[in-house]
Amino acid sequence: MLPRVVFLALLAFTAILSPPLALALGIAFGMLSPHHPYAAASRKWSKQLLQISVVALGFAMNLQEVLRAGKSGFVYTLLGITFALVLGSLLGRLFGVPKKAAYLISVGTAICGGSAIAAVGPVVDANDEEMSVSIGTVFLLNAVGLLVFPPLGHLLGLTESQFGLWAALAIHDTSSVVGAGAKYGTMALTVATTVKLARALWIVPLAVGTAAILARHNNGANSSAKKKIAWPWFILFFLGAAILSTYVTFASPIYAWLAKAGRVGLTITLFLIGTGMSRASLKKVGLHPLVHGVVLWIAIASCSIALIRSGLIGF
């Protein structure tokens, strides 16, 4: 089994595989292999490599665009996150999904998939089962989004800017947003990455707000929850890379090399994430959380594309 893992990872490293194909091969490996001997290591490496790759991609960004995305999208981002959380709560009750799992799925859908769940999970004191069900559900839909969104975008006749914005608003995880954007085009990649990372900044106020509400509700019982928040520090490094790329222009050739390395790292990350899927993990997800996640995702994706095509929101 190890030689197969190494061989496929090397293919990803050489950039022969596109991000969607790398993810698909990883999923196929995980589903067809009876046992993944390095499952824990893959999860650890994929998380760290994702963050490193995102930081490296910052060297291809322009800080002014990042700030413009955060500023211009403040209102509809706030409204979109609120809508996703409220609708997710209602759907959770409708489908009989446990409250914490429903909240985590809603958070992952509203902001940035597994990263948001990882940050908020400890705050709400979610157990391993609730975390795995939530992350499993979001991951399945995230994988589908990476594979399905690019052809849907072409079918709908979206421009690269429109598709990049749609991907950032409707695909769960940063890795798949960037992968879908890269598949669609250079401008789509820029818009998707910039908007998604600006949106990911909302992890911080949401996690802190959740902790504050729980602490107040439980008379201070969760007063230590803030210490458990998984702060997305890598976003600050991304912004630092964008600052260098924007204002320290004499090193542009180095920045281009680092950005390319980030795209290769992203491809490897998607492969490693895919290998973590298995028949057992699919069974563990269950039907009700999956239905909850699917309906919520379709609602968010449909509303987003309607607003984008109508011109009410744009980049």
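What percentage of the contacts in the protein chain with a separation of 6 or more is accounted for by residues 24 or more positions apart? Such residues account for 81% of them, where contact means heavy atoms within 4.5 Å.

Before continuing, a note on conventions. This is a predicted model, in which local features need pLDDT of at least 70 and side-chain atom pairs count only at pLDDT 80 or more, whereas totals for chains, interfaces and linings use all residues. Residues are numbered from 1 along each chain as its sequence is written, and side-chain values use heavy atoms, with hydrogens and water left out.

The secondary structure comprises 16 helices and zero strands. Both are DSSP runs numbered from the N terminus, helices being H or I with at least four residues and strands E with at least two. The protein chain has 315 residues, of which 50% count as buried. Buried means under 20% relative accessible area, exposed means over 50%, and partly exposed lies in between, with a 1.4 Å probe and protein chains only. The accessible surface comes to about 14800 Å², and carbon and sulfur atoms hold 69% of that area. Accessible areas come from the Shrake-Rupley method with a 1.4 Å probe; for residues, only the protein chains shown count as cover.

I turn to the aromatic side chains. The structure holds five aromatic pairs. Rings of Phe, Tyr and Trp (its six-membered ring) pair if their centres lie within 6.5 Å; planes under 30 degrees apart count as stacked, over 60 as edge-to-face, and the rest as tilted. One of these pairs is F59 with Y255, which is stacked because the ring centres are 5.3 Å apart and the planes are at 20°. This pair links distant parts of the chain, 196 residues apart: F59 sits in the loop between helix 3 (39-57) and helix 4 (63-72), and Y255 in helix 14 (residues 252-275). F59 is buried at a relative accessible area of 16%, and Y255 is likewise buried, at 7%.

How are the rings of F149 and W297 arranged? Their centres are 5.9 Å apart and their planes at 20°, so this pair is stacked. Here F149 in helix 8 is linked with W297 in helix 16 (residues 287-310), 148 residues away. Both residues are buried. Ring pairs also join F149 and W297 with F163, W166 and Y184 in a cluster.

Helix 8, which spans residues 128-156, also contains L147.

A207, in helix 12 (residues 203-217), is buried with a relative accessible area of 0%. Its C-alpha lies 5.3 Å from that of V120, although A207 and V120 are 87 residues apart in sequence. T77, in helix 5 (residues 74-95), counts as buried at 8% relative accessibility. Beyond its neighbours within four places in sequence, T77 is in contact with R199 and W202.

Finally, the cysteines. C112 is buried at 1% relative accessible area, whereas C303 is partly exposed at 36%. A search of the whole structure finds zero disulfides, a disulfide being a pair of cysteine sulfur atoms within 2.5 Å.
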